[in-house]
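I opened my notebook to look up a few side chains and their surroundings. My notes follow the display.

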Amino acid sequence: MFDTIARYLKSLFLLELLGGLAVTGRYLFRHKLTIQYPEAHTPLSPRFRGLHALRRYPNGEERCIACKLCEAVCPALAITIESDQREDGTRRTTRYEIDLFKCIYCGACEESCPVDSIVETSAFEYTFERFGEHIMTKSDLLKHGDQYEQRIRADRAADARYR
C-alpha cells in the first residue's frame, strides 16, 4: 500500500524528470571536452597502429626479403605475398597485398618482420571511395612508406623511450 502511494507521488511531482534535469544542470556550465576535429587532434599513443607501409633501406631498395612470416602470422589472413628470386640470388616480393577490410590491426605482421619492412604507421585518416581500394598493393604500401618515413622514425624513437 505504501509503495503504491510513493509511486503515485513520484509520478505526480515528476521526481524522475527533476532528477534528470538536475544532472543536466550540473554539467551545463562545466568546461566542455569537445575537440574541433579537423582543426585539432587528440594525442595519439606512440604505439598506435594505423595504416600499413612498406619501408626501404636508405639506398632506396625495398626491405622486404619475401620471408612470408607476416603472411603466416596474420590471424585474419589479410596478407598475400608472392615472391621471385632475382639474378643475384636474393628473394624479393612480386606481389604484396593487404586487405584492409580483413585486417584487425593487431601488429603481428610488424612484430614478426625480421628486417622491419612492414610497419603500421600512426596515420588513421584514410577512406575508400571505390571498390577495390581497400586492398593495398605493393606500390601503395611503398608509397605510404616513403611518405611516412620520417613519422615512422619519430614513432620508433618515441616507442624506444617507453621500453
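**Entry one: histidine 134**

I located histidine 134 in the loop between β4 (118–120) and β5 (135–136). I noted that the model is predicted.

I asked: is histidine 134 buried or exposed? I found histidine 134 buried, because its relative accessible area is 10%, and the cut-off for buried is under 20%.

Next I looked up its neighbours. Leaving out residues up to four places away in sequence, I listed Ile98, Asp99, Leu100, Phe101 and Phe128 as touching histidine 134. With aspartate 99, the side chain of histidine 134 makes a polar contact of 3.5 Å.

**Entry two: aromatic pairs**

I counted 3 aromatic pairs. In one of them, phenylalanine 48 and phenylalanine 124 have ring centres 6.0 Å apart. Their planes stand at 80 degrees, so I logged the pair as edge-to-face. Phenylalanine 48 lies in the loop between α2 (15–28) and β1 (52–54), and phenylalanine 124 in the loop between β4 and β5. I noted that 76 residues separate them. Phenylalanine 48 is partly exposed at 29% relative accessible area. Phenylalanine 124 is partly exposed at 34%.

I then checked phenylalanine 101 and phenylalanine 128. Their ring centres are 5.7 Å apart and their planes at 80 degrees, so this pair is edge-to-face. Phenylalanine 101 sits in the loop between β3 (91–99) and α4 (108–112), 27 residues from phenylalanine 128. I logged phenylalanine 101 as exposed at 57%, and phenylalanine 128 as partly exposed at 31%. Ring pairs join Phe101, Tyr126 and Phe128 in a cluster.

**Entry three: a charge over a ring**

I found the charged end of arginine 30 over the ring of tyrosine 27, 4.6 Å from the ring centre.

Notes:
Residues are numbered from 1 along each chain as its sequence is written. This is a predicted model: local features need pLDDT of at least 70, side-chain atom pairs count only at pLDDT 80 or more; totals for chains, interfaces and linings use all residues. Side-chain values use heavy atoms; hydrogens and water are left out. Helices (H or I, at least four residues) and strands (E, at least two) are DSSP runs, numbered from the N terminus. Buried means under 20% relative accessible area, exposed over 50%, partly exposed in between (1.4 Å probe, protein chains only). A polar contact is a pair of N or O atoms within 3.5 Å; within protein, one must be able to donate a hydrogen and the other to accept it, and residues adjacent in sequence count only if both atoms are side-chain atoms. Contact means heavy atoms within 4.5 Å. Rings of Phe, Tyr and Trp (its six-membered ring) pair if their centres lie within 6.5 Å; planes under 30 degrees apart count as stacked, over 60 as edge-to-face and the rest as tilted. A charge sits over a ring if NZ of Lys or CZ of Arg is within 6 Å of the ring centre and within 35 degrees of the ring normal.
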